[in-house]
Amino acid sequence: MSISSALHNDRLCASLTGLRVKEFTDLVPQFENNLKEYWITLRTDRKRRVGAGRKGSLRDSEEKLFAVLMYLKAYPTFDVFGFHLGCNRSQAKRWMDHLFPVLEMTLKRKLVLPQRKITSIEEFQRLFPEIKELMVDGTERKIQRPKNKKRQNKTYSGKKKIHARKNIIVSDKHKNIHLVSITRSARRHDKRLADKDLLFEHIPEEVALFVDTGFQGIKQKHKNTFIPSKRTKKKALTEEQKQWNKLISSIRVPVEHAIGGIKRYQTTTQTFRNKKLQLADTFILLAAGLWNYRLQSAS
């Protein structure tokens with residue numbers, strides 16, 4: 001796979017990988033080290049050095065990193081992806097199975113990968129000592145309609161009339177994503193998903209939270225929370241409530257931009273079609289980590 005033209009054009013590189021040329025090249029050395037470590041731990045009975053033997057369609061670490069980022073960005077079928085890599089679809093899938101964990105390890109060591117769960121207030125204070133306010137929102141992505149009736153009921157979102165899976169996103173005012181909840185079925189409400197992880201109980205009271213109307217009742221668990229007023233069928237909003245809602249919405253803009261940053265990658269936007277359901281969780285975690293990495297590189 002020839003990538004030289006993309007590495008001389010910021011626009012083309014960002015279109016194919018989601019990263020500018022400098023951001024991509026800065027990530028290569030760490031990715032290469034992690035890839036070597038991965039191959040060593042994958043086969044403990046190895047008799048030849050890492051990299052020995054016949055060369056595959058992806059010849060070096062730079063091409064491998066470009067390939068996994070391109071898959072996340074474009075989300076092609078493995079037939080199409082294999083054509084671009086110069087191999088068959090089975091080999092293209094095997095490459096991705098190996099490269100996803102290496103990319104995750106790389107982003108983790110770059111300290112840009114979001115947390116998955118906070119287990120105590122002490123842990124929150126240790127991880128985020130300077131955070132004074134956070135924005136919380138839910139995001140979901142469509143999946144193919146399951147054939148199993150039980151799974152159909154579990155993944156059906158009555159609000160949007162689709163089968164989907166959902167995550168809770170927590171970001172700060174600078175659009176950095178600090179937490180991405182474990183991916184679960186979209187049948188559950190946003191607040192119910194947060195309650196399952198005890199999210200609000202493990203955020204200190206001095207940290208202000210800004211949420212939308214999907215988190216009704218949150219003040220029982222976290223009093224320092226700002227939530228819009230909700231209109232009912234029998235009672236319209238007053239002018240004062242409308243102004244309040246407008247203010248909350250303006251403050252919550254960064255979390256919407258953070259979710260937009262995740263959804264630059266088509267693996268988090270298009271209908272999920274992979275056979276391994278856990279990949280949906282991997283996709284959103286990697287996309288969030290890459291968004292944080294881009295923000296870090298720009299600062």
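**Ground rules.** I am working from a predicted model, in which local features need pLDDT of at least 70, side-chain atom pairs count only at pLDDT 80 or more, and totals for chains, interfaces and linings use all residues. Residues are numbered from 1 along each chain as its sequence is written, and side-chain values use heavy atoms, with hydrogens and water left out.

**Helix α2.** Helix α2 covers residues 21–42, 22 residues in total, and reaches 30 Å from its first C-alpha to its last, close to the 32 Å expected at 1.5 Å a residue; the expected span is 1.5 Å times one less than the number of residues. I noted a bend of about 35° at Val28, with a proline, Pro29, following within four residues; the bend is the angle between axes fitted to the seven residues ending at a position and the seven starting there.

I then asked which residues of α2 are buried, where buried means under 20% relative accessible area, exposed over 50%, and partly exposed in between (1.4 Å probe, protein chains only). They are Val21, Glu23, Phe24, Leu27, Val28, Phe31, Asn34, Leu35, Tyr38 and Trp39. The buried residues of α2 pack against α1 (10–17), α3 (61–74), α5 (89–109) and α11 (278–298), contact meaning heavy atoms within 4.5 Å.

**Second largest pocket.** Grid points are joined across faces, edges and corners, and a volume is the space filled by probe spheres set on the points.

The second largest pocket holds about 490 Å³ of space. Its lining has 22 residues, of which Lys159, Lys166, His189, Asp190 and Gly214 lie nearest the centre. Strand β1 (133–142) gives the largest share of this lining, 4 residues. By class I recorded 3 nonpolar, 7 polar and 12 charged residues in the pocket lining, with Ala, Val, Leu, Ile, Met, Phe, Trp, Tyr, Cys and Pro counted as nonpolar, Asp, Glu, Lys and Arg as charged, and the others, Gly among them, as polar.

**Cavities.** The count comes to 3 cavities of 30 Å³ or more. The largest cavity has a volume of about 80 Å³, and its lining divides into 3 nonpolar, 4 polar and 4 charged residues; β1 supplies the largest share, 3 residues. The second largest cavity, at about 70 Å³, has a lining of 9 nonpolar, 1 polar and no charged residues, including Phe124, Phe128 and His178.

**Two single residues.** Arg231 sits in the loop between β7 (225–226) and α9 (239–251) and is exposed, with a relative accessible area of 55%. Leaving aside neighbours within four places in sequence, Arg231 is in contact with Ala236 and Leu237.

Tyr156, in strand β2, counts as partly exposed at 33% relative accessibility. Not counting residues up to four places away in sequence, Tyr156 touches Lys161, Ile162, His163 and Arg187.

Terms used
Helix = DSSP H or I, 4+ residues; strand = E, 2+ residues; numbered from the N terminus. 1 Å grid on protein atoms, 1.4 Å probe; cavity = no way out; pocket = protein on both sides within 12 Å on 5 of 7 lines; lining within 4 Å.
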